[in-house]
Structures are given as structure tokens and as C-alpha cells.
Amino acid sequence: MEPIIEEPGKIHQTDALIIGAGPVGLFAVFELGLLDIKCHLVDILDFPGGQCSELYPEKPIYDIPALPIVSGQELTDNLMKQIKPFNPIFHLGQMARELKWDRKNNLWVLKTDEETTIKARVIIIAAGGGSFVPKKPPLNDREKYEELGGIQYAVRKIKNFENKRIVISGGGDSALDWAVNLAPISENLTLVHRREDFRAAPDTVSKMYKLKDDGLIDLIIGQIKELKGKDKLEEISISPVGGVETQSVKCDVLLPFFGLTMKLGPIANFGINFENNLIPVDTERFETSEKSIFAIGDINFYPGKLKLILSGFHEAALMSQAAHEYIYPDKKIRFQYTTSSSSLQKKLGV
Ligand SMILES: Cc1cc2nc3c(=O)[nH]c(=O)nc-3n(C[C@H](O)[C@H](O)[C@H](O)COP(=O)(O)OP(=O)(O)OC[C@H]3O[C@@H](n4cnc5c(N)ncnc54)[C@H](O)[C@@H]3O)c2cc1C
């Protein structure tokens, strides 16, 4: 299912804002949706699914109730199908950066690193082990070229790469996917990998070799040695494996794809209590030290906590009941089963 993805840089208002579109953040959309609570989600990744989609999309999971075997990606796809009736709005490829309370309007105001503003009555932190951040290569003047836009770690807008001289470094799915997608629109594209063997999907590897044969990709088996350029990145020297001389490649932008690590990031500065990089919560509402900010999934802590998807799903259900009190302070929740409530079935479009 294609999610509704918003362009960055706009101002939005919603009932509940979920930070993290991992399995637990996604299931929270469902539980909140049953209670007529509308959601936006922010995730630094370009796709939903959190660890399941980023770290183990093809690995089988065996402990999701009633799904004897399901892969990480299948679980994400199923969750996306399950929450579709509630039309959640996704802000992908954006880091939740700053959270402030707007006392006058009784709302939280979240800003992302892409200048999106989202106002919401409740915040749900479902940020797992933190945000995925790219592993950075040890290259000369790296920070200088990052600031000048000569080194980028994600492709936010394909248009920005049109007619550019691009060097992609890496041998996994991201490196190969972007090599294949950007080659046709670039002025030229060089793919640098330190060995012949690629860890990407075989189909993408074949596409890359086809583009190489058609002269649209230059493939160099070797390692980047040096970045050059005064006020911007202009050239990269590469040492080919087995070669004696370094090769120079003219370049406007380098895209290193060396995988991701997880870091807590700006959430640590949101003003809520943390203990050992986890957010302590109670086990009835899953509320943090700040009223109307909840924490569910791998990011929270309470006695007996198990970092399992199953636990996060349970937490999402209970948290939603508590969130309802802030959004509909005058309405009492009447407990209903989805099997027997026609009003719930109507919300689900069945
Ligand atoms: C190899 C492996 C195998 C596993 N197998 C199982 C298993 O069999 N069964 C099981 O139950 N569990 C398993 N797990 C654990 C399971 O994946 C986690 O418990 C689950 O992913 C937690 O879900 P979550 O939604 O809380 O967090 P995550 O899946 O970590 O998602 C959190 C999301 O928040 C985003 N985020 C964080 N901070 C920010 C920010 N500031 N701004 C924007 N976005 C942000 C991240 O990018 C991420 O997408 C496994 C984990 C691994 C690594």
C-alpha cells in the first residue's frame, strides 16, 4: 500500500503525533484510530517498518500471535494494510528535532530537521532504539564537504541530483538501488565498492551491470582515498584494487552508503525523564514524566519490560485509552469488540 507522505516544510495539526513508524508506532495508529484519534507519523527512515524493514526485512519472525511465520517486511506490509482505513499521514526521511509546549493553544509543537511543524494534543514516542543515522566514512575534510552539500547520506529529492556528477560508495541495497535509479538522470555516475561481490538484491545487481554495459555507470572496485575541491567538492581520488595508480573522478556529490547505526538523538532533549537511554513509564497508561507524552515499544522501560513487538502492541492498546482522555476530555470510552461493534466495523470500512 502506498502511504500518504507529506512534503517537508509545511505546518500541520492533528490529534496525535507518533515519533517512529516502526511496528509499534504503526499499530498505535490502529488502536488510536478505533477511538477516532487521527495520527501523523514522523520517521527519519524513508519507509515505514523501523527495525523490521531496515534491519531484517527477509528474516522470519515466529512470535507474532496467530502468524506462525512472518518476515519483517511482511509484518510491516500487513500493518500498513491494517491501518489504511485511518489514513495516517507520514513525514518520512525527517528527524523529530525539537518539541515545545504551546501553553496558549494547549498543544505540543514538534519541529523536524526538514522544517516541518506538526502541532498535536498528544505525543507518542515509539522511537525504538533511537533514530537510524548513517555510518560516516573516515575521509579528509568530511565535515566541510557535508556542510557544502558535497557529501549526502540520503536521497531526499531525486530532482536535486539531475545532471550532477555523482559518486556512490558501497555495495549493499541502498548503494545499488540509488546507483540504478540515479544513473539515468545524472551527468555521470561512478559506483565505488571495495570488492567484486555485492550484498544487494540479485535483480538490482543485474540491473547495475546492465547500466554499466550501456555506459551509464562507471564501476570501480577500489577505495576512496581523498576528496578535493576548494569551495565545493570537485574531485575524488580512488585507489583501484590491484591497480598501482590512483584514479581521479570529477564529482559534485558523493553518496556514501555504509549502513546505519541507532542513536537516541534529539529526543533526549525533549525535557522528559530518561534512565539509561530509555524512557521510564507506568504500566497502565505508558505515560512519561510529562503529561500527554507517551512512550511505547523498545524505547520505554518498566519493571518486567520485554523488548518484543508483542509487548509494544499491548502498550499501544492501553496508551490509546489514556490518550483519549486528553483528546476527548468529555467523552467516556465504551469498551467494544471489533467482532461485534458495527460502529467499529464502519470505521474499518467493513
Ligand atoms: C535482527 C533482529 C531480529 C528481531 N527479531 C524479533 C522477533 O523475532 N520478535 C520480536 O518480537 N522482536 C524481534 N526483534 C526486535 C523488534 O524488531 C523490536 O522490538 C521492534 O522493532 C521495536 O519496535 P518499535 O516500533 O518500538 O521500534 P523500531 O522498530 O526501532 O522503530 C523505531 C522507529 O523510530 C524512528 N526514530 C527514532 N528516533 C527518531 C527521531 N528522532 N525522529 C524520527 N524518527 C525516529 C526510527 O528511525 C525507527 O524507524 C528483532 C530485532 C532485530 C534487530
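Trainee: Which residue lies over the face of Tyr-328, and at what distance from the ring centre?
Mentor: Let's start with the ground rules: this is a predicted model, where local features need pLDDT of at least 70, side-chain atom pairs count only at pLDDT 80 or more, and totals for chains, interfaces and linings use all residues. Residues are numbered from 1 along each chain as its sequence is written, and side-chain values use heavy atoms, without hydrogens and water. A charge sits over a ring if NZ of Lys or CZ of Arg is within 6 Å of the ring centre and within 35 degrees of the ring normal. Over the face of Tyr-328 lies Lys-331, and its distance from the ring centre is 4.2 Å.

Trainee: How do the rings of Phe-294 and Tyr-326 pair?
Mentor: Rings of Phe, Tyr and Trp (its six-membered ring) pair if their centres lie within 6.5 Å, with planes under 30 degrees apart called stacked, over 60 edge-to-face and the rest tilted. The structure holds 8 aromatic pairs. In this one the centres are 6.2 Å apart and the planes stand at 70 degrees, so the pair of Phe-294 and Tyr-326 is edge-to-face.

Trainee: Which residues form a cluster through ring pairs?
Mentor: Here several phenylalanines come together. The ring pairs link Phe-27, Phe-30, Phe-86 and Phe-313.

Trainee: How many residues does the second, separate core have?
Mentor: A nonpolar core is a set of buried Ala, Val, Leu, Ile, Met, Phe, Trp, Tyr and Cys residues joined through side-chain atoms within 4.5 Å. The largest has 63 residues, and Ile-18, Phe-270 and Ile-296 are among those with the most contacts inside it. The second core, which includes Ala-183, Leu-191, Leu-211 and Phe-257, has a residue count of 24.

Trainee: What is the hand of the crossover from S11 to S12?
Mentor: Strands S11 (residues 165-169) and S12 run parallel and are joined by 5 bridges (two strands pair if DSSP finds at least two bridges between them). Strand S12 (residues 188-193) is mostly covered, as 5 of its 6 residues are buried. A crossover is right-handed if, with the strands pointing away from the viewer, the path from the first strand over the helix to the second runs clockwise. From S11 the chain passes through helix H5 (residues 173-182) to S12, and this β-α-β crossover is right-handed.

Trainee: Which residue of S13 stands opposite Thr-190?
Mentor: S12 also runs parallel to strand S13 (residues 218-228), with 4 bridges between them. Opposite Thr-190 stands Asp-218.

Trainee: What separates the C-alpha atoms of Lys-10 and Thr-117?
Mentor: Lys-10 sits in the loop between strands S1 (4-5) and S2 (11-19). Beyond its neighbours within four places in sequence, Lys-10 is in contact (heavy atoms within 4.5 Å) with Glu-115, Thr-116 and Thr-117. Though Lys-10 and Thr-117 are 107 residues apart along the chain, their C-alpha atoms are separated by 6.3 Å.

Terms used. Buried < 20%, exposed > 50% of the residue type's maximum accessible area, 1.4 Å probe, protein only. Helix = DSSP H or I, 4+ residues; strand = E, 2+ residues; numbered from the N terminus.
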